[in-house]
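Let's take a walk through some salt bridges together. Have the model open beside you as you read on.

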There are 2 protein chains.
Amino acid sequence: MVEDLKQFRQWESRTPGHPENFETPGIEVTTGPLGQGIANAVGLALAEKHLAARFNKPDNEIIDHYTYCILGDGCQMEGIANEACSLAGHWGLGKLIAFYDDNHISIDGDTEIAFTESVEKRFEGLGWHVIWVKNGNTGFDEIRAAIKEAKAVKDRPTLIKFTTTIGYGSPNKSNSYSVHGSALGAKEVDATRNNLGWPYEPFHVPEDVKKHWSRHIREGAALESEWNAKFADYEKKYKEEAAVLKSIISGDLPAGWEKALPTYTPEIPADATRNLSQQNLNALANVLPGLIGGSADLASSNMTLLKKFGDFQSDSPAERNVRFGVREHGMGAICNGIALHSRGLIPYCATFFVFTDYMRGAIRLSALSEAGVIYVMTHDSIGLGEDGPTHQPIEHLASFRAMPNILMLRPADGNETAGAYKVAVLNRKRPSILALSRQKLPNLAGTSIEGVEKGGYIVSDNSTGNKPDVILIGTGSELEIAYKAGEDLRKEGKAVRVVSFVSWELFDEQSQAYKESVLPTAVTARVSIEAGSTFGWEKIVGSKGKAIGIDRFGASAPAGTIYKEFGITKEAVIAAAKELI
Amino acid sequence: MVEDLKQFRQWESRTPGHPENFETPGIEVTTGPLGQGIANAVGLALAEKHLAARFNKPDNEIIDHYTYCILGDGCQMEGIANEACSLAGHWGLGKLIAFYDDNHISIDGDTEIAFTESVEKRFEGLGWHVIWVKNGNTGFDEIRAAIKEAKAVKDRPTLIKFTTTIGYGSPNKSNSYSVHGSALGAKEVDATRNNLGWPYEPFHVPEDVKKHWSRHIREGAALESEWNAKFADYEKKYKEEAAVLKSIISGDLPAGWEKALPTYTPEIPADATRNLSQQNLNALANVLPGLIGGSADLASSNMTLLKKFGDFQSDSPAERNVRFGVREHGMGAICNGIALHSRGLIPYCATFFVFTDYMRGAIRLSALSEAGVIYVMTHDSIGLGEDGPTHQPIEHLASFRAMPNILMLRPADGNETAGAYKVAVLNRKRPSILALSRQKLPNLAGTSIEGVEKGGYIVSDNSTGNKPDVILIGTGSELEIAYKAGEDLRKEGKAVRVVSFVSWELFDEQSQAYKESVLPTAVTARVSIEAGSTFGWEKIVGSKGKAIGIDRFGASAPAGTIYKEFGITKEAVIAAAKELI
């Protein structure tokens, strides 16, 4: 609508400064941060190839579309773009067509100052088909021919390099960085109008242009009817597949899916939550047709392989184990593309928790653009041991607790891992990060899926009248420590409540009454323990409580040694509690 | 030492799980997270080329060394590696020689499953000289010839691809991922010994091997003497340059350097802290010979150009403005390499604050490896306005306040920006992040460099006896709001203290008495205001105080509108204060 254009960059308009999928119909992904768009496009094209392989029939190719992406010089410089494009080449995403706007201008001026590589050669190395359109400004026949050629190449993605002039038509500002983000100004607008022979008022669209373009409404409607008829035919012939495809498109979860989640009792031997995560993923793969994902070259450490499926590869695209290679940032953005392709596709991806640092740009866009990606992040603390400080997260839990619209979940055992997956699957417009342990953790009495859904809950308690002497709070692998400290303190006659704080965001969303029932205002004797930064814990333990954590980098040694040296111990919890009681 | 090897991965050993520059002499940079090493190497080679161009004389090439780097398949997949290598090609870093260990095995198995690009072709596209050594296991002559060839190519960096076998010598485990990180096991160790004809006990080094290798001690000592003599000659002939070079090598700051920092009075017109930052950078460039840096294609927005210098380029390497292109992650890691090359090199780098998400892996390594990089991060809040939520930081301040060994500084005006630079330059083993505004901010009475050095300090106060009715706390662009709210409240007869909280880390390091003098325990009426996540603010305002902030994503609109709609206003501060008094 013309009215929307007039509201460009204004409060609550449908035309914000960068396109936002949640603001404006027709916008498929939120981009703006460079390189994300092309990586999203790889995800969209992966989704198409995957769904086509699963659902197309010889007599009815119900999934059949191209993915187009426009990217500029800046996108080409970003590492994430190279990561995603290397995968696109590897996967042979033949229906991905990328338009590279080679205008050799970026914000700092001519790209000559920082970008002199041969993009064509690089993309040939990445296994792409490359076409160069020398007159990208007005070479319409050349452009049409290039797109036709790109479509004809089916085994590889195509990059069409269009050499263009930025600000084409502006006599004094074209081919300069000054047209990137600033308005031309009234004088130069006039000069440009004259130069292009465009005599109309601002926002006026001449009748013949309107007529020419509005044919797309008719054509689009016809294409939609055609597809609907095709789907009706598909549904008639392939009832079962059609139902599954429908649920993948709509995002409706199959009834009773959550019954597939495993439950655990304290008798079940201790296990790492990364292993429990794999049990959940495999259980969910049986009931969620849209679950698809993998790891950035750590599948055997992150425990993310779906046992009943093979690898998604160029020649086996119906499979659901995706091998991302060591490309965390590209992986996240590809998953955003998958999630936003069809609401019922549930992508998960994995690496060590510390390497969320490599993919934070994509994770933030999951949160902002409401892409319900599940981030399976293992090796979530100093508990990983010998790999040392480069691999040991410290500040990461806090850093995601501060991020809007994302769920940071740190389950403590089997039931909590199942609960974390329940929450993650239900939240289709909010991504989840699961922080999972490398080390074994016992199944604790009192943990539950329902507890996880509330974010924070009582795991064990011997107090009465909502008046414990002390509240011990733990998350993930440290819940066990709090739990055992509670047992010891009770032997000394104390009334101790142990609380699991698996997700701060979910707890924040509970009623005041519920919160008071878990953390009564009157009880200021509170001790928290978490093998990570104490930053933010004052909110939970209050100014009179004590937060036990780690406010330095980790160290390389066996995990038990590091826990002891860093004071992340039962003894520390008991000592802190005694000081407060 | 053999004893060190026996302590592999043990507590406080010199042989941790990944090499750490701060643990072990001879380790130049901390790597481990993939792709960082090659990007560090680009920074090291840049430093060499830069210093050589500045200090070498026709009769004395005092700076003259190669930078070698070993990288694997995993590093090659990471986007950061492509970013850094694209720059290395652009800059023509002919003395950078990268050994690519092409063993076609990564943790998930054969690289065929995720990595089938042509690395050679990509590197040729990036402007590198590429050599392939087919027998990287035992082709010693081939290897020597390749290194010789690499050294002979002076205008481009060289990638030598060595095709190798991982776990070479192990009869049953070589060429498989199982030798990546796990011990071979006693049986396979025996089999490997037999296979390689190595009959010795563990940790035994035979005499002839010891003799062969220990010649390097002698040779190294000779090379050192030779260089020292060369430097003595240099010092004799080029006294002034020698003194500067010495300070760059040692890291000793020139006496009185801090006098160059500009100071400001309230009469000086309002300005954006990004502009004030540029005044500081240019003032410092006059007195700090090691200051070198630039932006990721946002120099004209980040305001980072040094006016008296030109661009560091292939043919002008003595200059100090580095053009990183849109490669944030590579930029950070390159700066780590520069910082760790010579303690007196002070690299700074810049982008929008929100894009720290793209480079967090490198920033964390600055902190861990004690590289005193200065991160100049502008457009630090919703105050950037129209670009919208993808460009507006929310959780970023909190996320860095939670990170160990880094200074997160958010100056409010001219004096505070100068103070932030003073702190950043002084902290040579701790990186600093400066969060700077796009919008203009007035110079406030009461701000000071000394205040910034304490992290938090009183900017204005009409209370007596350390008993204000209320304490208003602001940072950066919101200090002005707190300041004005204080003025209004005083007109109503209140005793109001206004505190600037420019760096939480520095405040934490102050004495208990100082902290009490700024934030007296008895005064629980505290209101903070910051255009970012409130996460963590409970620590400062206490459970009875009120933190005004933003716990959602931003929006695209003029900055003033967003501030008003989000309630980041003087009125909100006054209302909150009145509720508490």
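With a relative accessible area of 61%, D141(B) is exposed, where exposed means over 50% relative accessible area, buried under 20%, and partly exposed in between (1.4 Å probe, protein chains only). R144(B) and D141(B) sit three residues apart in helix 6 (residues 140-152) of chain B, so about one helical turn separates them. Helices (H or I, at least four residues) and strands (E, at least two) are DSSP runs, numbered from the N terminus.

Before going further, a word on the ground rules. This is a predicted model, in which local features need pLDDT of at least 70 and side-chain atom pairs count only at pLDDT 80 or more, while totals for chains, interfaces and linings use all residues. Residues are numbered from 1 along each chain as its sequence is written, chains are lettered from A in the order in which they are written, and side-chain values use heavy atoms, leaving out hydrogens and water.

Now look across the chains. R364(B) and D357(A) meet in a salt bridge through their side chains (4.0 Å, N to O). This pair crosses from helix 13 (residues 356-368) of chain B to the loop between strand 11 (346-352) and helix 13 (360-368) of chain A. Both R364(B) and D357(A) are buried.
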